[in-house]
Amino acid sequence: MTLTVTERSVAALWDALESRVARGGRFAGVFAARRGDTVTLTAHVAAKEEGEPGGGIDMLEAALPPGAASYPSLTPRIGAAFWYERVIHDQTGLVPDGHPRLAPLIRPGNPEEHALPRHVAGYGLFTIPHGPVRSGVFESMEYLVETPGEAIPHLNMRIFYKHRGIAGRFAGMAVADGVLLAERAEGIASVAHALAFCHAVEAIAGCEVPREAALVRVVHAELERIAGHLDVAMRLADAAGLAVANTRFALHKERVLRLVSGLCGSRFGRGVVVPGGVAAPSAMRPEEVRAELARLEKQSIADAELLMGTSSFLDRLRGTGPLTPDRAGEHGALGPIGKASGYSDDARLARPYDGYGLLAPEPVGEHSGGDALARLRVRFEEAERAFRLIRQAVDELPERTRLALRAPCEPPDGRAVGWAEAPQGEVLYDVTIEDGRIVCCQPRSASFHNLVLMHEVFAGDILTDFPFIEASFGLSVAGAAL
Amino acid sequence: MSVWVLRGLRGGVVTTRWPRRADEYADSWRGPVTVRPEAGGASVPAGLCPTGAIETTGGSVRVDQGKCILCGRCVTERPDVFAWAAGATGPDAAALARQALVVPQVPETDEAIAAARAGLAARTAALHRSVHVRHVDAGSDGSEEWEIQALLGPVYDIHRLGIFFTASPRHADVLLVTGAGTPGMAGPLRTTYEGMPDPKIVIAAGTDAVSGGLLADRLDGVSATIPVDVWVPGSPPSPFGILTALLIATGKLTGHREGALR
């Protein structure tokens, strides 16, 4: 359920938003959309009052006065809006008055302004530019590490290198093509993005996804989660120089991707999720899936246990990159990063969709360490539960599918928010449809919401901790820069 | 530590034998879309393909695999005309000329491929046992990086073929580029290319890098920034597809488009 509230002015909008957040709501993003001469600001807030499940993501909006070139900034009141307002500035040219640092984020700025910024000054301090072309196989982004040699008093990030203009590309697309683009917005969370997009479309159309399709969606979403978490384990083992552990997790991940391609033809679950259901029944027999899952589960959990008992590895993660529970709560940190710091708002539990209401996923344990170790613990727990969920879903699916896997879904004109829990955390899609075409679609990945937190987690850490902290965040630059 | 070593040994050899032997997974792979030979002059509704990869010129249907994002809509709608290419390492894995990705090929393509092959052979003559690759992401969706990373893993293990990834462009023979070619990456991509010593070879990995894919209205791939030698379709390409391209680029697999492999 989504509630839409329209306020008269931006100031009233921020007041309403702040009071929602004060009552326990979670700030989930803000963006600006221009239609004709009118610019509208929309803020998303997750209904989390008193931890009551069933609340949706609400939209609070206000139109700017015609011809306005600026508006009062939200960031001084809600710090999590810091990057969101920089994107608004990049996309519309609007100036949020009072924003603490309005540098370009997704738009390449003037190269003159790009001279290495210095935030800390002092004897012997220098800046290490790291990226966008970095050692190893990584997505392109640039870190500017300000350091006296060992400690990292300040870190700056530039993600504009990968900005592709995904949000703009959606405008004018047919709904069926929109799913294909959503799958490619953040390639390592293809299923979650397709789900969030389709949930928005289905909410507009008021269509109910057939039960079997809802279960197939869970299978793919959870396989994606396992692959994502194994990738993080692999990168952490690599950072620690554990060659065998690295190859073991790479092997498990490859097997998960092969299982996914066996099910649907794509190693990233692309083409599975369509508005109204899923495209085709699984290409594998349930017993084959069960056998491969059992093997994967046994071997990857055994390796996870061994990794969590390898002291030279744990030493590197313990206390590294800490995010305090206070900050996680204040920011509304998503996914494993939030959970490791005692803040959990898992869309599968709080706002269940598809088969999750039926299967009742078990939440991960309480964590408050907030360091790289806690984040890895959360990921292993999530992966373990994902295996269980897939097993349950496969057991619920009939041997041979004769039922419809796709309900008719012809959305009328309308607007809705859809959400899904990616391996990185909650993905949001705010979709507006007119005459069967997308007129506005604003995707928001967990990578974008969480990446800004990397500014804050270097307290007491040194340069050699950097790869551990980066890997433990497990985010995608493509999803952040969109 | 020794526990890990034992566990690694207990797993046995998981590495593929390809290209010495056939690989079951590679052969079961569903590649980009091709046109059935019997389809000939079938008429196909305009707008069937979301990226406009289907062309009907001169009365015959052609698919530009460099634009194909493997959504499969055409195969579902018109199975009489379109089919999936079979296998990840076959003739549809990679091409030496951009127009060779258009299937069935137009007659002039053979000359272009021959010219490209001759040019490539001159450059790869020096690369025999050891090839160093520099990867650059020029605006990918992130999945291509996973597939390239997989090549370094135990299943594909490209080190056995004498291929290594290097951090410095100064040590690189091959530039492996992914992504649709964002404005932000044009500069760094060019600088990396220019930083490589001659002779150098460029691989555009994935439909995004070849043509911009779904973003072709705003981004048109990496060839606008640097010259490309080997073109790999796929969204994303499979690890076997990228591996095939690396072997073609370095002269370890030849005669590819003529079908010498199969």
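1. In this predicted model, the largest nonpolar core has 107 residues, and the members that touch the most other members are A:Phe170, A:Phe197, A:Leu223, A:Leu307, A:Leu376 and A:Tyr429. Helix α6 of chain A, spanning residues 211-239, gives the most to this core, with 16 residues. As general background, nonpolar side chains in soluble globular proteins tend to be buried together.

2. A:Phe170 deserves a look of its own. Leaving out residues up to four places away in sequence, A:Phe170 touches A:Gly178, A:Leu181, A:Ala182, A:Phe197, A:Tyr429, A:Ile438, A:Cys441 and A:Pro443. Two of these partners, A:Phe197 and A:Tyr429, are also named among the core members that touch the most others.

3. On the interface, 60 residues of chain A are in contact with 52 residues of chain B. The two chains bury about 4500 Å² between them, and 64% of this area is on carbon and sulfur atoms. Within chain A, the residues that lose the most area to chain B are A:Val137, A:Arg164 and A:Arg258, which together account for 15% of what that side buries.

4. The polar side of the interface can be listed as well. The rule finds six salt bridges across the interface of chain A and chain B, and one salt bridge joins A:Arg270 to B:Asp141, where the closest N and O atoms are 3.0 Å apart. Across the interface of chain A and chain B there are also 25 residue pairs in polar contact, counting pairs with both residues at pLDDT 80 or more. On the side of chain A that touches chain B, at least two residues each come from α3 (166-170), α4 (175-183), α6, α7 (243-264) and α8 (286-307). The largest share of that side, 14 residues, comes from α7(A), and the residues of the side as a whole divide into 28 nonpolar, 14 polar and 18 charged.

5. Apart from residues up to four places away in sequence, A:Arg348 touches A:Glu222, A:Arg225, A:Lys339, A:Tyr353, A:Tyr356, A:Pro361, A:Glu382, A:Leu389 and A:Glu421.

6. Why is helix α2 of chain A, residues 82-92, described as largely enclosed by the rest of the structure? The description applies because 10 of the 11 residues of this helix are buried. The buried residues of α2(A) are A:Phe82, A:Trp83, A:Tyr84, A:Glu85, A:Arg86, A:Val87, A:Ile88, A:His89, A:Asp90 and A:Thr92. Just after α2(A), A:Gly93 takes a positive phi of about 80°.

Note on methods:
Residues numbered from 1 in each chain as written. Chains lettered and ligands numbered in written order. Predicted model: local features only at pLDDT ≥ 70, side-chain atom pairs only at ≥ 80, totals over all residues. Heavy atoms only, no water. Core = buried A, V, L, I, M, F, W, Y, C linked by side-chain atoms within 4.5 Å. Buried < 20%, exposed > 50% of the residue type's maximum accessible area, 1.4 Å probe, protein only. Helix = DSSP H or I, 4+ residues; strand = E, 2+ residues; numbered from the N terminus. Contact = heavy atoms within 4.5 Å. Buried area = accessible area lost by both parts, 1.4 Å probe. Salt bridge = Lys/Arg side-chain N within 4 Å of Asp/Glu carboxyl O. Polar contact = N/O pair within 3.5 Å; in protein donor to acceptor, adjacent residues only side chain to side chain. Nonpolar A, V, L, I, M, F, W, Y, C, P; charged D, E, K, R; others polar.
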